[in-house]
Amino acid sequence: MSLKDQLFLDLKEAMKKKETLRKNTIQSIRTAALQMEKDQKIEVSEEDYVKIIANLVKKRTSALPEFEKSGRLDLIDELKSEIEILMTYLPKQLSDDEVYEIVSKTIEEQKATSMKDMGKVMGILTEQLSGKADTKLVSQLVKKRLSQ
């Protein structure tokens, strides 16, 4: 079953069970996909859905520290719940060690030796690890590896 179909079924189920947070979170994914279809005049693929969801997780994760500063526990809990719901639609996340292995292998394959090669390496890794690993972590590992 495609991710699009799964989202539609989960949305229907959330509406039946009156799970407002789950319904709203799934609708945010579908809204972002529809916006992408309209803007780029394409049909959103599985990979596009993964990128959309990863982007929504990233936005919510980066907003979390601001919410924590405000001290509003209800909003913090809601944001964390949204992140958990979104994560269920992403592929299994790779461990730090697995990401490091992939980064090292890619750097060796590309014969990258300095920070000048970072853009080339990151382009390949972003494509390869989209939705499977945090881009920030990948970037840090590439910098660390290239500066050795």
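Predicted model: local features only at pLDDT ≥ 70, side-chain atom pairs only at ≥ 80, totals over all residues.
The chain has seven helices and zero strands. Read from one end of the sequence to the other, the pattern is α-α-α-α-α-α-α. Along the principal axes, the C-alpha trace spans about 55 × 40 × 25 Å. The chain has 148 residues, and 34% of them count as buried. Among contacts with a separation of 6 or more, 57% are between residues 24 or more positions apart. The chain exposes about 9,700 Å², with carbon and sulfur atoms supplying 52% of that area.

The buried residues of helix 6 are Met118, Val121, Met122, Leu125 and Leu129. Seen down the helix axis, these buried residues fall within an arc of 95 degrees, so they line one face of helix 6. The face turned away from that buried side carries Gly119 and Glu127, which are exposed. On the buried side, the residues of helix 6 pack against helix 5 and helix 7. After helix 6 comes Gly131, which has a positive phi, near 80 degrees.

Helix 7 also has 12 residues, and the distance from its first C-alpha to its last is 16 Å, close to the 16 Å expected. Its buried residues are Leu137, Val138, Ser139, Leu141, Val142, Arg145 and Leu146. The cover over these buried residues includes helix 5 and helix 6. Ser139 belongs to helix 7 and has a relative accessibility of 17%; since buried means under 20%, Ser139 counts as buried. Apart from neighbours within four places in sequence, Ser139 is in contact with Met118 and Met122. Both of these methionines are among the buried residues of helix 6.

The next topic is the charged pairs. Side chains of opposite charge can pair when their charged atoms come close. In one of them, the side chains of Glu108 and Arg145 meet at 3.2 Å, N to O. Glu108 lies in helix 5 (residues 96-109) and Arg145 in helix 7 (residues 135-146), so the bridge links distant parts of the chain, 37 residues apart. The two partners can be set side by side: Glu108 is exposed, at 54% relative accessibility, whereas Arg145 is listed among the buried residues of helix 7.

A second salt bridge joins Arg60 and Glu82, with the closest N and O atoms 2.6 Å apart. Arg60 is in helix 3 (residues 46-70) and Glu82 is in helix 4 (residues 73-87), so the pair ties together parts that are 22 residues apart in sequence. Here both partners are buried.

Lys69 is exposed, with a relative accessible area of 67%.

Phe8 lies in helix 1 (residues 3-16) and counts as partly exposed, at 39% relative accessibility.

Two loop residues remain to be described, and the backbone is what sets them apart. Most residues other than glycine have a negative phi, and most peptide bonds are trans. Lys18 has a positive phi, near 55 degrees, although it is not glycine. Lys18 lies in the loop between helix 1 and helix 2 and is exposed, with a relative accessible area of 70%. Lys111 likewise has a positive phi near 55 degrees in a residue other than glycine. Lys111 is in the loop between helix 5 and helix 6, and its relative accessible area of 68% makes it exposed.

How values were computed
Residues numbered from 1 in each chain as written. Heavy atoms only, no water. Salt bridge = Lys/Arg side-chain N within 4 Å of Asp/Glu carboxyl O. Helix = DSSP H or I, 4+ residues; strand = E, 2+ residues; numbered from the N terminus. Buried < 20%, exposed > 50% of the residue type's maximum accessible area, 1.4 Å probe, protein only. Expected span 1.5 Å × (residues − 1). Contact = heavy atoms within 4.5 Å. Arc of directions from axis to C-beta. Areas by Shrake-Rupley, 256 points an atom, 1.4 Å probe, with all protein chains shown as cover.
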